[in-house]
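Please look through the sequence and the structure shown here before reading the report that goes with them.

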2 protein chains.
Amino acid sequence: MPHDAKAAKAGTRPGGRSARVRTDVVTATLAELTEKGYDQLTVEAICHRAGVHKATVYRRWGGVDGLIADALALSADQPWPIPDTGNVDEDIQLLAREVYTTFTDPDLRTTPTALIGAALRSDLGAAALSAFFTARHQQAAEVVTRAVERGQLPADVDPVELVRAATAPLYHRLFITGEPLDERAAHRAAAAALLAARAGLFDAPAP
Amino acid sequence: MPHDAKAAKAGTRPGGRSARVRTDVVTATLAELTEKGYDQLTVEAICHRAGVHKATVYRRWGGVDGLIADALALSADQPWPIPDTGNVDEDIQLLAREVYTTFTDPDLRTTPTALIGAALRSDLGAAALSAFFTARHQQAAEVVTRAVERGQLPADVDPVELVRAATAPLYHRLFITGEPLDERAAHRAAAAALLAARAGLFDAPAP
DNA sequence: CAACTAACGCGACCTGTGTCGCATTAGTAT
DNA sequence: ATACTAATGCGACACAGGTCGCGTTAGTTG
């Protein structure tokens, strides 16, 4: 009776066929999405690749948007390398740089770009994306918390707000304005966020 | 032979029936989008409302995504109130506040929110959105240019970059993370952008 | 005013997404 | 081992989204 992390969904039988099907289908979804893009994404192709019947997918996920949302939910669970150099400035820079690399490197960018782009195309996906970023931001906020303990940042700075500020401009360019993303932009975003935090702009509101 | 601004599309007959149809259809699209939302948006409903045949829409716009893109293109052409108080800090704050109000006021938010949200759901719409923001940013950059002339900001600051930084966090919250938007966030974004600009972070690269 | 052209109206048709009832199989409990 | 339950497999089907060829109309040209 392994405490499998995948058995998150309450009520379903853990570790059974359902779990296998879920993994297969989500994997197939990601593969199809990466290869063909969202516009060419079809439920039938996913089913064929996963070796699963169409009706099963519609029953469990409701459609393409449900698949994207679930894929994103799985991604959100996976841990993420958080820098810890002992220097906040460096940590935040690395954080921004990691985002930059993820969405710029030709070998890495395709899947994450397609997945987030796809999530923006439905209300369900958007909700999943929201949860995804909440998880990521909370994980990364660790960097700020540590810095506050070291006295490198004001004590009442809002950790999540700083992380958000350091990465938001990159996502903004990528998915909203569609402007190109360069190294300078990543550096600027991180530097500006740190500057604002030190100026007290990200202080949590007093109770 | 009026120099109609709508006759932008080269090759088409200006001011004729085509122009009327375009206006009717785009208006109907916006109305349907506002009332029913993107997920319930159907080409047939738009045609019915505009008094136009289905085939016409598919021929000229190619589908829903084309309609959204065209609606956005029309919006991009419309001028936009740019603050001019004589004080950059105030101008930038007003700029951010205007975005905040547009997407927060119950009477104003529905249409812009739905339109931008819809634009994110197709490649065509995303391209139109990119052009839309380019236009907006360039218009608003005027605020920064004037400030530089007045000596309120460093001479080599990139005007568009400052405008972008002041508004990006708001769009990021609205359309990517789905977090709530409050007045403080708008204020913070503007203040942080100004801070960064004065620190030289937004300087245009030397040639 | 008359000829001409581009765009629109019309309706039939095709494609494929999503649904439904029932048979079958995997996994669980006794 | 045997009985039971939930999920999947299966194929037929309904239906909306989107296409096509042709006739008609609005707007332009001389």
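## Overall form of chain A

The coordinates come from a predicted model, and every value in this report should be read with that in mind. Chain A has nine helices and zero strands, and its pattern along the sequence is accordingly written α-α-α-α-α-α-α-α-α. Along its principal axes, the C-alpha trace of chain A spans about 55 × 45 × 30 Å.

## Two domains in chain A

The domain assignment divides chain A into domain 1, covering 17-62, and domain 2, covering 80-198. Five residues of domain 1 of chain A and six residues of domain 2 of chain A take part in the contact, while the C-alpha centres of these two domains lie 29 Å apart. About 550 Å² is buried between domain 1 of chain A and domain 2 of chain A, and carbon and sulfur atoms give 71% of that area. On the domain 1 side, A:Leu33, A:Thr34 and A:Tyr38 supply 75% of the area buried against domain 2 of chain A, more than any other three residues.

Polar and charged groups also take part in this interface. One salt bridge is found across the interface of domain 1 of chain A and domain 2 of chain A, and a salt bridge joins A:Arg121 to A:Asp39, with their closest N and O atoms 2.8 Å apart. By class, the side of domain 1 of chain A that touches domain 2 of chain A has three nonpolar, one polar and one charged residues. Two residue pairs across this interface of domain 1 and domain 2 of chain A are in polar contact, counting pairs with both residues at pLDDT 80 or more.

## Contact between chains A and B

Chain B and chain A each bring 31 residues to their contact, and the area buried between these chains is about 2,900 Å², of which carbon and sulfur atoms give 57%. The count between chain B and chain A is eight salt bridges. In one salt bridge, the side chains of A:Glu179 and B:Arg164 meet at 2.0 Å, N to O. Across the interface of chain B and chain A there are also ten residue pairs in polar contact, with both residues at pLDDT 80 or more.

On chain B, helix H7 (123-150), helix H8 (159-177) and helix H9 (183-198) each supply at least two residues of the side that touches chain A. The largest share of that side, nine residues, comes from H8(B). Sorted by class, the side of chain B that touches chain A has 15 nonpolar, six polar and ten charged residues.

## The surface near DNA strand C

Around DNA strand C there are 21 residues, of which A:Lys54, A:Tyr58, B:His53, B:Thr56 and B:Arg60 come nearest. At least two residues of this surface come from each of helix H1 (17-36), helix H2 (43-50) and helix H3 (54-61) of chain A, and likewise from each of helix H1 (17-36) and helix H3 (54-61) of chain B. The surface near DNA strand C has six nonpolar, five polar and ten charged residues.

Sugar or phosphate accounts for 61% of the atoms of DNA strand C within 4 Å of the protein, and the rest belong to bases. For B:His53, by contrast, a backbone N or O atom lies 3.0 Å from a phosphate oxygen of DNA strand C.

## The surface near DNA strand D

Of the 20 residues around DNA strand D, A:His53, A:Thr56, A:Arg60, B:Lys54 and B:Tyr58 come nearest. The residues of this surface divide into six nonpolar, five polar and nine charged. Of the atoms of DNA strand D within 4 Å of the protein, 59% belong to sugar or phosphate, with the rest belonging to bases.

A phosphate oxygen of DNA strand D is 2.5 Å from an N or O atom in the side chain of A:Arg60, and a polar side-chain atom of B:Tyr58 lies 2.8 Å from a phosphate oxygen of DNA strand D. For B:Lys54, a polar side-chain atom lies 2.9 Å from a base oxygen of DNA strand D. The elements giving two or more residues to the surface near DNA strand D are H1 and H3 of chain A together with H1 and H3 of chain B.

Key: Residues are numbered from 1 along each chain as its sequence is written. Chains are lettered from A and ligands numbered from 1 in the order in which they are written. This is a predicted model: local features need pLDDT of at least 70, side-chain atom pairs count only at pLDDT 80 or more; totals for chains, interfaces and linings use all residues. Side-chain values use heavy atoms; hydrogens and water are left out. A residue is near a molecule or strand if one of its heavy atoms lies within 4 Å of it. A polar contact is a pair of N or O atoms within 3.5 Å; within protein, one must be able to donate a hydrogen and the other to accept it, and residues adjacent in sequence count only if both atoms are side-chain atoms. Helices (H or I, at least four residues) and strands (E, at least two) are DSSP runs, numbered from the N terminus. Ala, Val, Leu, Ile, Met, Phe, Trp, Tyr, Cys and Pro count as nonpolar, Asp, Glu, Lys and Arg as charged, and the others, Gly among them, as polar. Domain bounds come from an automatic or database domain assignment. Contact means heavy atoms within 4.5 Å. Buried area is the accessible area (1.4 Å probe) that two parts lose on being put together, summed over both. A salt bridge is a side-chain nitrogen of Lys or Arg within 4 Å of a carboxyl oxygen of Asp or Glu.
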